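Open the structure in your viewer and keep the selection tool at hand. Each stop below says what to select and what is there.

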Amino acid sequence: MDRVPILRLGDCLLVTVQVDMHDELAMALQDDLTNKIVATKARGVLIDISALEMVDSFIGRMLGNIAAMSRILDARTVVVGMQPAVAITLVELGLSLPGIRTALNVDAGLALLRRMLDTSGEGVHVD
Amino acid sequence: MNRLASRLPAIVEQHQQEILTEWVRLQLESGAWRAGRLQETQLRDESQRFLHLLVNNLKNGIQFDTRNSQWSDVREFLSDLSRSRAIQGFSPSQVATFVFSLKQPIFTRLRGSLVSDPEVLADAMWDATTLLDSLGLYTTEVYQQARESVIARQQEELIELSTPVVELWPGILALPLIGTLDSERTQVVMETLLQRLVATGSSIAVIDITGVPTVDTLVAQHLLKTVSAAQLMGADCIISGIRPQIAQTIVHLGIDLSAVATKASLSDAFALALKRRGLGVVTSAVARG
């Protein structure tokens, strides 16, 4: 079965959704991602959905779930690269994804994640 | 019409030249002819071609049916003629008169040839009338279609024209909305804005509603939808250009705009956008003197 690749970027994880998400793939991603956050002690998660052309309510909820799960494991989630058509669909479906931060592209998302982690000020700095 | 005793085709063919001459003369005299708009040679040429097609088709039968493939060349000719005259600014009745004015010369010939037999004459006249009427009406139909397609195209252009997205500063877009927002326009506005956000990588969009005459619950809902969609993509929106009356209306209608930053003027919104991007405007030493 296909799997969504999860790349490690410092203390962040980059999830790039390259194919259209079907439900099974989404469930597998939840599994993989939570495992990976625990294994790598990641503090942030970037989900790049720029290749996603279609989103239904299930995928919308899944994104919300991933954010909530990551939050429990003390990692912040930023969804990046949402296509205009996808954004319109989500708004029409009434899903405004509360609790998820978004950014236009991976660059902006990474910067946002940095700011969020810096201002949270919880990190123990070891010099 | 199955009485092929109808003498119409034969008589028209026989007197083709005389009919043409008289028809062109009549057209030149009548009010439908507008000097300067159309060259006389062109009118003569068109009349000749039409009469020629008509004669050819009359041999196959005298019933004109717009769906009948038999008359396709006549149909094509009339469509072209009607469209070109619509563009030149002729009125529908002037276009139809092109065909209707053919009646008189044909009737004259029929009367001349069939005067001895009134019954056959009446039949032939009836045939000519139904045929020319349906041809004339067809030109009107095409004329109307041509006009309607022009209107439809203009409407589309209006929608396109009225939704410009401008870049105020690298990373800051502005969308000055002018005119009433309905669902269809909002859809276009939303799509254009979101696409420009992606294309320019902007993180802030200012939606200016100075040019929107009224804001009701529906318009507000459309605006909020646009804002949420932009937020989903990771861009912030500021709504500006809210006139005093609009502010009152919004509160009276109980519309909640608290989720969106709102400013009274575009310049205030621009200042806020600059601030959010960590930018500022300073007066230069030169200007200060």
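Predicted model: local features only at pLDDT ≥ 70, side-chain atom pairs only at ≥ 80, totals over all residues.

Which strands of chain B do the buried residues of helix 11 of chain B pack against?

**Stop 1: helix 11 of chain B**

Select residues 266-276 of chain B, which form helix 11. Within this helix B:Ala269, B:Phe270 and B:Ala273 are buried. These three lie on the same side of helix 11 of chain B because they cover an arc of only 100 degrees around its axis. The buried residues pack against strand 1 (166-169), strand 2 (172-178), strand 3 (204-211) and strand 4 (236-240) of chain B. Now turn to the face directed away from the buried side: the exposed residues B:Ser267 and B:Lys275 are found there. Just past the end of helix 11 of chain B, select B:Gly278, whose phi is positive, at about 75 degrees.

**Stop 2: the sheet**

Show the strands of chain B. Five of them make an open sheet in the order 1-2-3-4-5, and the pairing is mixed. Strand 1 and strand 5 (261-262) of chain B are at the edges with a single partner strand each, so each has one side without a neighbour in the sheet. Strand 4 and strand 5 of chain B run parallel and are joined by two bridges. To see where they face one another, select B:Ile238, which stands opposite B:Ala261 of strand 5 of chain B. Helix 9 of chain B packs on this sheet, where it touches strand 3 and strand 4 of chain B. The direction of helix 9 makes about 150 degrees with that of strand 4 of chain B.

**Stop 3: the largest nonpolar core**

Which residues touch the most other members of the largest nonpolar core? Select A:Val45, A:Ile47, A:Ala87, B:Ala205, B:Ala230 and B:Met233, out of 67 residues in this core. Helix 9 (residues 217-232) of chain B gives the largest share, seven residues. Another core lies apart from it, with 27 residues, including B:Phe90 and B:Tyr138.

Go back to A:Ala87. Leaving aside neighbours within four places in sequence, A:Ala87 is in contact with A:Met82 and with B:Leu194, B:Ala229, B:Leu232 and B:Met233.

**Stop 4: where the chains touch**

How many residues does each chain bring to the contact? Chain A brings 14 residues and chain B brings 16 residues. On the side of chain A, helix 3 (84-92) and strand 5 (101-103) each supply at least two residues. Helix 3 of chain A has the largest share of that side, five residues. Colour the side of chain A that touches chain B by residue type: 11 are nonpolar, three polar and no residue is charged.

Terms used. Residues numbered from 1 in each chain as written. Chains lettered and ligands numbered in written order. Buried ≥ 20, exposed ≤ 12 C-beta atoms within 10 Å, placed from the backbone. Helix = DSSP H or I, 4+ residues; strand = E, 2+ residues; numbered from the N terminus. Arc of directions from axis to C-beta. Contact = placed C-beta atoms within 7 Å. Core = buried A, V, L, I, M, F, W, Y, C linked by C-beta atoms within 7 Å. Nonpolar A, V, L, I, M, F, W, Y, C, P; charged D, E, K, R; others polar. Pairing = 2+ DSSP bridges. Axes fitted to C-alpha atoms, helices over the stretch in contact; angles between N-to-C directions.
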